[in-house]
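Please read the points alongside the sequence and coordinates.

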Amino acid sequence: DDYVYFDPDLASLAPLPFDHNNNMTCTNDPHSTPFLKQIRGVNLGGWLVLEPWITPSLFYQFLGTDKRHGPDAAAHTAMDTYTFCEVLGAEEANRQLRRHWKTWVTEEHFRKLHDMNIDS
């Protein structure tokens, strides 16, 4: 029942035996022991780093900037967290970001992730 990996380009080397299991993990390799625990993760994109394609609602306020500011539009348009703060100013950006951080991912989301064994 051992799985043996064979690569013709490495034919001169000894084959690499792996204990066969449903996950095809290298259970007989002592170096793999810390990694045998299955990791289940989720991407919390848009929570702490702003990207217009993930959180477009925060960036709608910049639509039409080209018509209002013409060639100077870039100085009035946000495309990430840095320019969001730069364009809106510290007070307004902070207000909007705090509201976003409080609502985008909540403690309830973390509870649900924990209950589903999402650990990273």
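**Note on the predicted model**

1. Arginine 111 is partly exposed, since its relative accessibility is 43%; here buried means under 20% relative accessible area, exposed over 50% and partly exposed in between, computed with a 1.4 Å probe and protein chains only. The model is predicted: local features need pLDDT of at least 70, side-chain atom pairs count only at pLDDT 80 or more, and totals for chains, interfaces and linings use all residues. Residues are numbered from 1 along each chain as its sequence is written, and side-chain values use heavy atoms, with hydrogens and water left out.

2. Arginine 111 forms a salt bridge with glutamate 107, the closest N and O atoms being 2.9 Å apart. A salt bridge requires a side-chain nitrogen of Lys or Arg within 4 Å of a carboxyl oxygen of Asp or Glu. These two residues are four residues apart in helix H5, so about one helical turn separates them. Helices (H or I, at least four residues) and strands (E, at least two) are DSSP runs numbered from the N terminus. Glutamate 107 counts as exposed because its relative accessibility is 56%.

3. Arginine 111 also meets glutamate 108 in a salt bridge, at 3.3 Å from N to O. Glutamate 108 is partly exposed, with a relative accessible area of 39%.

4. The whole structure contains three salt bridges. One of them joins arginine 95 to glutamate 92, with the closest N and O atoms 2.6 Å apart. Both residues lie in helix H4, three residues apart, about one turn of the helix. Arginine 95 is partly exposed at 44% relative accessibility, and glutamate 92 is partly exposed at 27%.

5. Which residues make up the largest nonpolar core? This core has eight residues, namely Leu50, Leu58, Phe59, Phe62, Ala78, Phe84, Ala93 and Leu97. The elements giving two or more residues to the core are H1 and helix H4 (90-104). A nonpolar core is a set of buried Ala, Val, Leu, Ile, Met, Phe, Trp, Tyr and Cys residues joined through side-chain atoms within 4.5 Å.

6. A search of the whole structure finds four aromatic pairs. Among them, phenylalanine 59 and phenylalanine 62 form a tilted pair, 6.2 Å centre to centre with 50 degrees between the planes. The rings of phenylalanine 59 and phenylalanine 84 have centres 5.8 Å apart and planes at 65 degrees, so this pair is edge-to-face. The latter pair links distant parts of the chain, with phenylalanine 59 in helix H1 and phenylalanine 84 in helix H3, 25 residues apart. Rings of Phe, Tyr and Trp (its six-membered ring) pair if their centres lie within 6.5 Å; planes under 30 degrees apart count as stacked, over 60 as edge-to-face and the rest as tilted. Phe59, Phe62 and Phe84 form one aromatic cluster.

7. Phenylalanine 62 is buried at 9% relative accessibility. Not counting residues up to four places away in sequence, phenylalanine 62 touches Arg68, His76, Thr77, Ala78, Phe84, Val87 and Leu88, where contact means heavy atoms within 4.5 Å. Threonine 83, in helix H3 (residues 81-88), is likewise buried, at 18%.

8. Asparagine 117 lies in the segment after helix H5 (107-115) and counts as exposed at 55% relative accessibility.
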